Amino acid sequence: MTSLDLTPLDTLGRWTGPRVEGDLPGPCSAEYLTRQQQRESNARSYPRRLPIAIAEASGSLVRDVDGNVFIDFLAGAGVLSLGHNHPELVAAVTAQLGVLTHGLDFPTPAKDAFVEAQLSMLAPHLRDRMKIHFCGPTGANAVDAAIKLCKTATGRGEIVSFQGGFHGSSHAAMALTGLVSQKRPVANGVPGVHFFPYSYCARCPLGLTPDSCTTNCVEYLERALTDGNGGVPLPAAVIMEMVQGEGGIIPGRREFVQRIRALTRDLGIPLVVDEVQTGCGRTGTWFAFEDYGIDPDVIVASKALSGIGAPVAIIMYDEKLDTWAPGAHTGTFRGNQLAFAAGVEAIRIIRRDDVLGNVARRGEQIAERLSTLRDEPWVAEVRGRGLMWGIEFADPLDGRPAGPLAARVQAGALRRGLIVEVGGRDDCVVRLMPPLNVTAETVETACTILLDAVTEAVRAAVEAQLEAQLEDPLEA
Ligand code: PMP
């Protein structure tokens with residue numbers, strides 16, 4: 001067990017929920033944040049919107065340096081699938097610490113067990129033909145590896161990616177990412193990337209309504225890739241997320257995903273599925289592609305592989321693509337034995353505790369609790385899969401993404417003791433990514449906090465809009 005017990009129970013053992021006293025940041029957090037601002041890069045991101053310094057954490061809870069306790073529905077950006085410091089993962093890492101910590105890409109018992117465990121999570125027909133490569137320890141590095149592999153295997157140079165997608169911040173992964181604000185200031189990006197519309201039906205990229213839609217987004221891709229004048233040479237790969245995470249929790253439409261699989265298979269284009277965020281149980285199946293009934297050629301996985309935040313990243317790919325020469329994708333940190341030991345234990349716990357069943361049940365609970373939000377005027381859509389949920393805010397007058405409102409909801413939730421992230425267009429989506437073993441009680445408390453924060457922020461937005469209309473009726 002960890003020494004830390006943050007369980008907010010009173011003396012009678014009743015759940016008391018999170019505790020936040022005074023303004024945020026508290027005085028101690030403010031000191032850390034000031035020092036961070038002085039010393040660290042201007043590119044720091046999370047603490048700008050979530051202004052706390054974290055002292056310790058356990059399960060779904062974190063305590064800041066001022067003693068405030070928060071429910072954490074960010075969970076290390078989806079890394080902490082079993083929550084902070086799961087005692088059995090801590091034990092597994094601790095046991096491995098004294099044995100071997102770093103192994104480059106030598107075979108070791110810990111790595112062997114990790115590979116075995118990972119392959120065991122794939123359906124038999126995939127398991128038998130997938131090879132695994134250990135990448136540098138980030139999702140972005142694994143994305144780079146996947147693209148390099150497909151380019152090598154096909155001898156082609158173009159890549160198809162999707163608008164709204166996020167694949168990382170390295171130079172190559174960023175080139176595959178939709179986020180223009182990150183790319184704009186960096187000249188000479190990796191060439192040969194072509195963006196196509198994703199099935200983002202709440203904001204249809206083709207401007208269609210549900211009545212007029214026949215999944216035209218995928219048809220557009222089909223036509224572009226089969227038209228001799230389409231402008232895009234046959235690509236080395238199509239890369240996609242099953243649920244766009246950073247893009248605002250946008251589950252790909254079933255027909256969209258299945259037609260892309262059929263198209264890429266017909267044209268001989270490797271399909272790379274980026275499961276960095278969706279993988280390891282987040283959407284209710286081990287990998288999100290399973291739920292779509294497709295088989296990818298390359299799977300990219302990272303975040304939750306160890307379950308405890310020990311970095312590790314892999315690609316698993318069809319052995320037909322295994323064309324790399326020795327040393328084609330090296331990296332010093334590809335042998336994190338602590339991550340391997342934790343990852344094996346995480347899979348054992350996930351099976352033993354039916355954690356994927358919990359993902360389904362808690363997902364339904366969130367859907368049910370958030371269903372009332374659909375009637376709120378500034379809520380454009382509530383959507384999700386498993387334990388990956390998003391609430392999209394939009395101006396009811398013109399439909400524009402309401403990023404500042406999402407920011408207010410995020411701040412309001414934090415003040416009440418809930419950590420959530422934002423994402424999507426103009427950061428207009430509040431995102432929930434609790435640990436996969438989160439309890440019903442924690443979900444209940446978190447949803448109550450979130451609903452309060454939304455109600456407060458929406459009321460303020462409605463009032464502000466009314467005031468603006470009164471001041472300038474022509475403008476409204
Ligand atoms: N792919 C996806 C789908 C992601 O969500 C992320 C990170 N949010 C990445 C790749 C990049 O992972 P990393 O930050 O570990 O480089």
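Domain bounds here come from an automatic or database domain assignment. Welcome to this set of close-ups of a predicted model, in which local features need pLDDT of at least 70, side-chain atom pairs count only at pLDDT 80 or more, and totals for chains, interfaces and linings use all residues. Residues are numbered from 1 along each chain as its sequence is written, and side-chain values use heavy atoms, with hydrogens and water left out.

**View 1. Domain 1 and domain 2.** The assignment gives domain 1 (9–40 + 48–86 + 355–471) and domain 2 (88–352). Their C-alpha centres lie 27 Å apart. Where the domains meet, 35 residues of domain 1 are in contact with 36 residues of domain 2; contact means heavy atoms within 4.5 Å.

**View 2. The largest pocket.** On a 1 Å grid over the protein atoms alone, a pocket is an open set of points where a 1.4 Å probe fits, with protein on both sides within 12 Å along at least five of seven lines, and its lining residues have an atom within 4 Å of a point. The largest pocket has a volume of about 1300 Å³, a volume being the space filled by probe spheres set on the points, which are joined across faces, edges and corners. Both domain 1 and domain 2 contribute at least three residues each to the lining. Of the 46 lining residues, Tyr46, Phe166, Leu179, Gln182 and Glu246 are nearest the centre of the pocket.

**View 3. What the pocket lining is made of.** At least two lining residues come from each of α2 (46–49), α7 (139–154), α9 (180–183) and β16 (421–423). These elements are DSSP runs numbered from the N terminus, with helices (H or I) of at least four residues and strands (E) of at least two. By residue class, the lining has 14 nonpolar, 19 polar and 13 charged members. Ala, Val, Leu, Ile, Met, Phe, Trp, Tyr, Cys and Pro count as nonpolar, Asp, Glu, Lys and Arg as charged, and the others, Gly among them, as polar.

**View 4. Lys148 on helix α7.** Here we look at Lys148, found in helix α7. Is Lys148 buried, partly exposed or exposed? Its relative accessible area is 36%, so Lys148 is partly exposed; buried means under 20%, exposed over 50% and partly exposed in between, for a 1.4 Å probe and protein chains only. The side chains of Lys148 and His329 make a polar contact of 2.9 Å. Such a contact is a pair of N or O atoms within 3.5 Å; within protein, one must be able to donate a hydrogen and the other to accept it, and residues adjacent in sequence count only if both atoms are side-chain atoms. Setting aside neighbours within four places in sequence, Lys148 is in contact with Trp324, Ala328 and His329. Ala236 is 88 residues away along the chain, yet its C-alpha atom is 9.1 Å from that of Lys148.

**View 5. Pro235 and its surroundings.** Pro235 sits in the loop between α10 and β7 (237–240). With a relative accessible area of 0%, Pro235 is buried. Beyond residues up to four places away in sequence, Pro235 touches Arg156, Glu158, Ile159, Val160, Leu225 and Ile269. Thr154 is 81 residues from Pro235 in sequence, and their C-alpha atoms are 8.6 Å apart.

**View 6. Thr278 in its loop.** Look for Thr278 in the loop between β10 (271–274) and β11 (298–301). Its relative accessible area is 1%, so Thr278 is buried. The side chain of Thr278 has a polar contact of 2.6 Å with the side chain of Glu275. Apart from neighbours within four places in sequence, Thr278 is in contact with Val243, Thr283, Trp286, Ala288 and Met388.

**View 7. Backbone features worth a second look.** Most residues other than glycine have a negative phi, and most peptide bonds are trans. Thr215, in the loop between β6 (193–196) and α10 (216–226), has a positive phi of about 50°. Thr215 is buried at 1% relative accessible area and, beyond residues up to four places away in sequence, touches Arg253, Glu255, Phe256 and Arg259. Ile249 also has a positive phi of about 50°; Ile249 lies in the loop between β8 (243–244) and β9 (250–251) and is buried at 0% relative accessibility. Finally, Leu24 and Pro25 are joined by a cis peptide bond with omega about -5°, and Pro25 belongs to the segment before α1 (27–39).
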